[in-house]
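Here is a short report on how one chain packs. Keep the model open while reading.

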Amino acid sequence: MTEIKNNHHAVLKLQRAKNYFEDVAIEANQPPTVIAAFAGLIDAVQFYLDNHYDCDKIQKELDKNE
C-alpha cells in the first residue's frame, strides 16, 4: 500500500480510484451513471481534503505523471 503524504496526494489517489471505477463500468458495457453516486462521494471527499479542488486540474496532473 502506498503511503499518503498529504491532502493533495490523497486527492490524487482518490482521482485515480475514480478513473478506475469509470473504466471498469465502461469495460462492463455499463454507462458511467452506474457509478455516479459513488463518484460523487469521492468528489465530496476530495473537496473536503482540498476546498480548492478542481477535477480537471487534478486529472491533468495525473495524466502528466503517467
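Contact here means heavy atoms within 4.5 Å. Helices (H or I, at least four residues) are DSSP runs, numbered from the N terminus. This is a predicted model, in which local features need pLDDT of at least 70, side-chain atom pairs count only at pLDDT 80 or more, and totals for chains, interfaces and linings use all residues. Residues are numbered from 1 along each chain as its sequence is written, and side-chain values use heavy atoms, with hydrogens and water left out.

**Helix packing**

Two packed helices are described by the angle between their axes and the distance between the axes. Axes are lines fitted to C-alpha atoms, for helices over the stretch in contact, and angles run from 0 to 180 degrees between N-to-C directions. Take helix 1 against helix 3 (residues 55–65): the axes come within 10 Å and cross at roughly 85 degrees. That makes helix 1 roughly perpendicular to helix 3 (65 to 115 degrees counts as roughly perpendicular, over 145 as roughly antiparallel). On the helix 1 side, the contacts come from His8, Val11, Leu12, Gln15, Arg16, Lys18 and Asn19. Their partners in helix 3 are Cys55, Ile58, Gln59, Glu61 and Leu62.

Helix 1 also packs on helix 2. Here the axes come within 9 Å and cross at roughly 170 degrees. Helix 1 and helix 2 are therefore roughly antiparallel to each other. Helix 1 brings Asn7, Ala10, Val11, Leu14, Gln15, Lys18 and Phe21 to this contact. Helix 2 answers with Ala39, Ile42, Asp43, Val45, Gln46 and Leu49.

**Residues to look at**

Burial is read from relative accessible area: buried is under 20%, exposed is over 50%, and partly exposed lies in between (1.4 Å probe, protein chains only).

| Residue | Relative accessible area | Class |
|---|---|---|
| Gln15 | 2% | buried |
| Lys18 | 5% | buried |
| Asn19 | 18% | buried |
| Phe21 | 41% | partly exposed |
| Asn29 | 70% | exposed |
| Asp43 | 29% | partly exposed |

Which residues does Gln15 touch, leaving aside its neighbours within four places in sequence? They are Gln46, Tyr53, Cys55, Ile58, Gln59 and Leu62. With its sequence neighbours within four places left out in the same way, Asn19 is in contact with Gln59 and Leu62. Asn19 and Glu3 are 16 residues apart along the chain, and their C-alpha atoms are separated by 20 Å.

**A salt bridge**

Side chains of opposite charge can pair when their charged atoms come close. A salt bridge is a side-chain nitrogen of Lys or Arg within 4 Å of a carboxyl oxygen of Asp or Glu. By this rule the model has one salt bridge. Asp43 and Lys18 form it through their side chains, at 2.3 Å from N to O. Asp43 lies in helix 2 and Lys18 in helix 1, so the pair ties together parts that are 25 residues apart in sequence.

**Surface and loop**

Phe21 is found in helix 1. Together with Tyr20 and Val24, Phe21 makes a nonpolar surface patch of about 300 Å². Such a patch takes residues with over 30% relative accessible area and no salt bridge, with nonpolar side chains (Val, Leu, Ile, Met, Phe, Trp, Tyr) joined within 5 Å. Accessible areas come from the Shrake-Rupley method with a 1.4 Å probe.

Asn29 sits in the loop between helix 1 (7–27) and helix 2 (36–49). Its phi is near 60 degrees, a positive value in a residue other than glycine. Most residues other than glycine have a negative phi.

Methods. Helix = DSSP H or I, 4+ residues; strand = E, 2+ residues; numbered from the N terminus. Patch = residues over 30% accessible without salt bridge, like charges linked within 9 Å, V, L, I, M, F, W, Y side chains within 5 Å. Parallel < 35°, antiparallel > 145°, perpendicular 65-115°, else oblique.
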